Amino acid sequence: MATTEALRKQISQAMPEIIDELTELVAIPSVAFAGHDLAQVRRSAEHVASLFEQLGGQVEILSAPTESGAKGQDAVVAHFDGPAGAPRVLLYAHHDVQPATGQAGWDQADPFKAERRGDRLYGRGTADDGAGVITHVESLRALKALGELPVSVTVYIEGEEEVGSPSFVNFLNTYRERLEADVIVVADSSNWKVGTPALTTSLRGVVQSDVTVTTLDHGLHSGQFGGPVPDATTTLIRVLASLHDEAGDVAVKGLVSQSQADPDFPFYPEEDFRADAGLLEGVQLMGTGDLTARVWTKPSITVIGIDTPSIAQSSNTLTPSASARISMRIAPGQDPREAHAALEAHLLEHAPFGAQVTVSNRELGQPFKADGDSEATVDAMESLAASWQTGAVKIGQGGSIPFISDLREVFPQAQVLVTGIEDPDSRAHSANESMHLGELENIVLAQALLLARLGGALED
């Protein structure tokens, strides 16, 4: 049986190698977006597979078709046998990353060449989700160094999470027997802050939709016709402005909204939130109610893109048609199809001047609410507390991991745990993404402790 201190020592001594492994993974630009070199996704899968092969796992690189029939990106599935009758654990992470090319703000010449500055390792994918991949590798390595694995483990490292996991459901159904588990650990969330570990028990869902406003069948001279004729860009702006009330709360009717977060969630001081967000001095926060509720249990709407003539391409012309892409995060308990219908109804109702409005949906993702009293949850909270040597907290997240609902549907008997990799300053998806190395050490230890606890093989 392993002890907490033996595992702590094992992982602490391995940290130089762990940092090197994360650096090597970051060096592979595994971007699954169209227009990028998808051969790098395959290269990344092969690299990740080699890490698990070194541990003696039964490793395969697999794929499944998307809903449209296209080939999905390569995923790594590795299996490690535990004692007969031991619990089966599925460890999830993803090896694809967000793009970094053309994104201003990086303090390093090459975002795919990791740089250590102080306690943090900077580079695209260091936190999201390279650290998740390395956590799975190193927690297994630490346990194997001290004896037999206490549980049977299957590792599933996806290759297309950042593009919406288009083949995920087909993958689960195709390889269901390989992936079957009693406990599923999704290593793709965040901790509360550096020094305070967290288990994510609440996630908002996502609805992404495009709205197009059309007022003319062709462009017109803005001097000759401007005034009585509404141009599409101005009309679109008015439609989008109707999505929030004067206080900044979402104004779409019929959406699930909780003005107070779960009492188990920690208090989020406004000054800390403003600092974490990088909000400029004098800029006010939007919305009303508890701050954690505003980012965890209330809906939010963000306009993430607009198609209308750019300043560089503009002319004195009334624009006939303009479009916007809307990202709406929905609260736990909200059906995404109903949320999209409510959004569409609102946009149609608030179109001024009789403008023609069309709304099309691009993405629907279910929210998540965990069973906070499950045995696996208790084991996870105890493991986090023991690793960090401080109390762990249960938190919500404003972001979405829609595939968790797919995991629960395909494996209804499994307990799902969403563990933290990032911290508020990790800046996933943004420039200067980074991983706090002290947190990474604690994360690896916490997962090793969790696996030992689940297998009844931890001696305190």
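Eleven aromatic pairs are found when the whole structure is searched. The structure is a predicted model. Ring pairs also join six named residues, Tyr-92, Tyr-156, Phe-168, Phe-171, Tyr-175 and Phe-403, into a cluster.

- Tyr-156 belongs to strand β6 (residues 152-158) and Phe-171 to helix α4 (residues 168-174), so the pair ties together parts that are 15 residues apart in sequence.
- Tyr-156 has a relative accessibility of 1% and therefore counts as buried, because buried means under 20%.
- Phe-171, with a relative accessibility of 2%, also counts as buried.

**The pair Phe-168 and Phe-403**

- Phe-168 and Phe-403 form a tilted aromatic pair, with 4.8 Å from centre to centre and 35° between the planes.
- This pair links distant parts of the chain, since Phe-168 is in helix α4 and Phe-403 is in helix α12 (residues 403-410), 235 residues apart.
- Phe-168 and Phe-403 are both buried.

**The cluster**

**A charge over a ring**

- The charged end of Arg-117 sits over the ring of Tyr-122.
- The distance from this charged end to the centre of the Tyr-122 ring is 3.9 Å.

Methods: Residues are numbered from 1 along each chain as its sequence is written. This is a predicted model: local features need pLDDT of at least 70, side-chain atom pairs count only at pLDDT 80 or more; totals for chains, interfaces and linings use all residues. Side-chain values use heavy atoms; hydrogens and water are left out. Rings of Phe, Tyr and Trp (its six-membered ring) pair if their centres lie within 6.5 Å; planes under 30 degrees apart count as stacked, over 60 as edge-to-face and the rest as tilted. Helices (H or I, at least four residues) and strands (E, at least two) are DSSP runs, numbered from the N terminus. Buried means under 20% relative accessible area, exposed over 50%, partly exposed in between (1.4 Å probe, protein chains only). A charge sits over a ring if NZ of Lys or CZ of Arg is within 6 Å of the ring centre and within 35 degrees of the ring normal.
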